[in-house]
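Morning, everyone. I have one model to show you today, and I will keep it brief.

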Amino acid sequence: MTGVPASAGGGTGRPAPGGKLGAAAVNQASLWNIANILTMVRLVLVPAFVVLMLQDGGYDPAWRAWAWAAFAVAMITDIFDGHLARAYNLVTDFGKIADPIADKAIMAAGLICLSALGDLPWWVTGVILFRELGITLMRFWVIRHGVIPASRGGKIKTLAQGTAVGMYVLALTGPLATLRFWVMAVAVVLTVLTGLDYVRQAIVLRRRGLAAERAAAGDTR
């Protein structure tokens, strides 16, 4: 029993499209869109990546190649899910929360695994994770005053980080092993510089927001 008269559903006994059940169905359909599915795939790939990365002690080239594949797929879905959500109006509350969590989770998993295996200094992992966590907290700190948009530098930073971590995941030797060191160095520099720029933007945004609030309070007196 739905509690909706048959006549309200056109005499078929189904609830009217505008009823509560109809609205719930629409909301559920909007959640299961391609952008959110890609985000969920990325979340599932995080534990899969860790398992593959640490197989046979974490130094088997074949398992490292499979781990790289999982990491690469996760990074590729990161590119497409946000674009699809904006292009086709598929933005949902779930996506707003899950997308940045998935982004940081796969990167953190890669960095922590590499440092635990001794392939990457812990200070590099610490700098990158501290920056990512700090910027996330700072966004919440100023969110009532406005949103700090993603900058071009931030996007280049993400690309550099993903490329560097991916190169470290693979069992590279010779010139490629040397190259990945410099790619990671560039990623660390961009991480620090873009982090400082976000701090500057947050301070400016908060000052403007507080000034606007004081001005609005003065107009009401």
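Start with Thr191. Thr191 is buried, and its relative accessible area is 0%. Keep in mind that this is a predicted model.

Where does Thr191 sit? Its place is in helix 7, which covers residues 175–219. What does the side chain of Thr191 pair with? It makes a polar contact with the side chain of Gln161, at 2.8 Å. Now set aside residues up to four places away in sequence. Thr191 then touches Val127, Ile128, Arg131, Lys157 and Gln161.

Next, Ala160. You will find Ala160 in helix 6, residues 152–169. Buried or exposed? Ala160 counts as buried, at 11% relative accessibility, because the cut-off for buried is under 20%. Which residues does Ala160 contact, beyond its neighbours within four places in sequence? Those are Val183, Ala187 and Leu190. One distance to note here. Ala160 and Ala185 are 25 residues apart along the chain, and their C-alpha atoms are separated by 9.4 Å.

Now the helices. Two packed helices are described by the angle between their axes and the distance between the axes.

Take helix 3 with helix 6. Their axes come within 9 Å and cross at roughly 165°. That angle is over 145, so helix 3 is roughly antiparallel to helix 6. The crossing is left-handed. Who makes the contact? From helix 3, it is Arg64, Ala67, Trp68, Phe71, Met75 and Asp78. From helix 6, it is Thr158, Gly162, Val165, Gly166, Tyr168 and Val169. By type, the contact residues of helix 3 with helix 6 are seven nonpolar, three polar and two charged.

Now helix 3 with helix 4. Helix 3 is residues 61–87, and helix 4 is residues 93–116. Here the axes come within 10 Å, crossing at roughly 155°. Helix 3 and helix 4 are therefore roughly antiparallel to each other too. This crossing is left-handed. Helix 3 brings Arg64, Phe71, Ala74, Met75, Asp78 and Asp81 to the contact. Helix 4 brings Asp99, Asp103, Ile106, Met107 and Leu114. How do the residues of this contact divide? Six are nonpolar, none is polar and five are charged.

Notes
Residues numbered from 1 in each chain as written. Predicted model: local features only at pLDDT ≥ 70, side-chain atom pairs only at ≥ 80, totals over all residues. Heavy atoms only, no water. Axes fitted to C-alpha atoms, helices over the stretch in contact; angles between N-to-C directions. Helix = DSSP H or I, 4+ residues; strand = E, 2+ residues; numbered from the N terminus. Parallel < 35°, antiparallel > 145°, perpendicular 65-115°, else oblique. Left-handed = near helix turned anticlockwise from the far one by under 90°. Contact = heavy atoms within 4.5 Å. Nonpolar A, V, L, I, M, F, W, Y, C, P; charged D, E, K, R; others polar. Buried < 20%, exposed > 50% of the residue type's maximum accessible area, 1.4 Å probe, protein only. Polar contact = N/O pair within 3.5 Å; in protein donor to acceptor, adjacent residues only side chain to side chain.
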